[in-house]
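We will go from one stop to the next, selecting as we go.

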Amino acid sequence: QVQLLESGGGLVQAGGSLRLSCAASGFTFGDYTMGWFRQAPGKEREFVAAINWSGYIKYSADSVMGRYTISRDDTKKTVSLQIDSLKPEDTAVYYCASNPALPPYSNGTFYNPINYDYWGQGTEVTVSS
């Protein structure tokens, strides 16, 4: 049974940092691209960052570039999202998801949530001003 379990969310002041983690089980983690999405209250779910199976290809949304860093540890079957210089607009529920896509990648492979097959329950991040 596939399971993705996020952790690390919480309440933090603007300018602070958080490290979100996602523990995976039930599938061959090393074969999958992993992504992070977020959904703010009243808004649609949006892509945040993704890392391919090898760890050498990473994408981040323009809105978070330079502040968000995605990484993976295949030995621990975890994918992490380091968030620095938090802003109130980062407030959202953050989800990790798995993506079975292999090279060659097409446009939208990493950004489009339809390409992700399994999702975690999310971890909530609240940034106070």
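Which residue in β8 is the bridge partner of Asp73? Select Asp73 and look across to β8: the partner is Thr78. Keep in mind throughout that you are looking at a predicted model.

**Stop 1: the sheet around β7 and β8**

Now widen the selection to β7 (68–73) and β8 (78–83). These two strands are antiparallel and are paired over six bridges.

**Stop 2: two loop residues with positive phi**

Next, select Lys77, in the loop between β7 and β8. Most residues other than glycine have a negative phi. Lys77 is not a glycine, yet its phi is positive, near 55°.

Move on to the loop between β8 and β9, where you will find Ser85. Ser85 also has a positive phi, of about 50°, without being a glycine. With a relative accessible area of 41%, Ser85 is partly exposed.

**Stop 3: strand β4 and its neighbors**

Select residues 33–39, which make up strand β4. Six of these seven residues are buried, so the strand is largely enclosed by the rest of the structure. Which strands pair with β4? One is β9 (residues 92–99), which runs antiparallel to β4 and is joined to it by seven bridges. Another is β5 (residues 46–51), antiparallel as well, with five bridges.

In β9, its bridge partner is Ala97, while in β5 Gly35 stands opposite Ala50.

Follow the chain from β4 into β5 and you trace a hairpin with six residues between the two strands. In that turn, pick out Gly42, which has a positive phi of about 75°.

**Stop 4: a cis peptide bond**

Most peptide bonds are trans. The bond joining Pro103 and Pro104 is cis, with omega about 0°. Pro104 sits in the loop between β9 and β10 (118–119).

Note on methods. Residues are numbered from 1 along each chain as its sequence is written. This is a predicted model: local features need pLDDT of at least 70, side-chain atom pairs count only at pLDDT 80 or more; totals for chains, interfaces and linings use all residues. Side-chain values use heavy atoms; hydrogens and water are left out. Buried means under 20% relative accessible area, exposed over 50%, partly exposed in between (1.4 Å probe, protein chains only). Helices (H or I, at least four residues) and strands (E, at least two) are DSSP runs, numbered from the N terminus. Two strands pair if DSSP finds at least two bridges between them.
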